[in-house]
Amino acid sequence: MSRILIVFASVDGQAARVAERIRATLAQAGHAAATIGAVAPGLARALEESDAVIVGGAIRYGRHVQDLESVVRTHVAAIEARPNAFFSVSLSAGGPGARPAVAARYAEELAERSGWHPQGTAIFAGALRYTRYNPIIRIMMRLIVGIAGGDTDTTRDYEYTDWRAVERFAGEFGSRLEAARAA
Ligand SMILES: Cc1cc2nc3c(=O)[nH]c(=O)nc-3n(C[C@H](O)[C@H](O)[C@H](O)COP(=O)(O)O)c2cc1C
């Protein structure tokens, strides 16, 4: 059993949901998995006490949210000292009008900027939460998403996340840890 910390940065909740599904999948496999927000005060200590770490978060305006970038930059040594992986959540990654190459590029840019080259990377489709955006964001998102060929009914929300892919990513991370411990 490994103590696995999942650090996440989320604005509208989808990256938090992904983090929680990763946690639940790892817990089901017998690991002591816990999630923590990127700005939580106990983060440094939680990292030190973990055997492995997964870091991930959402894309906003063409790059990962600032909290995610900060956490990676600040804690890169602690992250790299353990088995680690990264996940990114965006609309470019999946759903109608997706641009997977753009989604992959976001992850590469984070690695370039932060110097952290994760041992594993997963790119997950996010969600469109029109009903929760403020009016300006709602209009802006409808415009951008419409141009890209995506869903534009602002009276409802859309979720594109492939939860099986999230579970697979978590399962494979847990299996790699077990294999490393057994070796
Ligand atoms: C204001 C805003 C800007 C966004 N910018 C991008 C973007 O540049 N590229 C992209 O692929 N997705 C973009 N998205 C989509 C988000 O990455 C997606 O909705 C994701 O699920 C958000 O995760 P969160 O709920 O954890 O914040 C944007 C969403 C919002 C609301």
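Analyst: In this predicted model, the ligand is surrounded by 21 residues, and S10, D12, A58, S92 and G126 are the closest. Several elements each supply two or more residues to this shell: the helices and strands concerned are α1 (14-28), β3 (52-60), β5 (84-90), β7 (127-128) and α5 (135-148). Sorted by class, the shell holds 12 nonpolar residues, seven polar ones and two charged ones.

One of these elements, α1, also packs against another helix. Two packed helices are described by the angle between their axes and by the distance between those axes. For α1 and α6 (residues 163-182), the axes come within 9 Å and cross at roughly 50°. The crossing of α1 and α6 is right-handed. On the α1 side, the contact is formed by V18, R21, I22, T25 and L26, while α6 contributes W163, V166, E167, A170, G171 and G174. By class, this contact of α1 with α6 comprises six nonpolar, three polar and two charged residues.

The protein chain is divided into domain 1 (3-126 + 161-182) and domain 2 (129-158). The centres of the two domains, taken over C-alpha atoms, are 26 Å apart. Where the domains meet, five residues of domain 1 are in contact with eight residues of domain 2. The side of domain 1 that touches domain 2 consists of two nonpolar, two polar and one charged residues.

Definitions and conventions:
Residues are numbered from 1 along each chain as its sequence is written. This is a predicted model: local features need pLDDT of at least 70, side-chain atom pairs count only at pLDDT 80 or more; totals for chains, interfaces and linings use all residues. A residue is near a molecule or strand if its C-beta atom, placed from the backbone, lies within 6 Å of it. Helices (H or I, at least four residues) and strands (E, at least two) are DSSP runs, numbered from the N terminus. Ala, Val, Leu, Ile, Met, Phe, Trp, Tyr, Cys and Pro count as nonpolar, Asp, Glu, Lys and Arg as charged, and the others, Gly among them, as polar. Axes are lines fitted to C-alpha atoms, for helices over the stretch in contact, and angles run from 0 to 180 degrees between N-to-C directions. A crossing is left-handed if the near helix is turned anticlockwise from the far one by less than a right angle, and right-handed if clockwise. Two residues are in contact if their C-beta atoms, placed from the backbone, lie within 7 Å. Domain bounds come from an automatic or database domain assignment.
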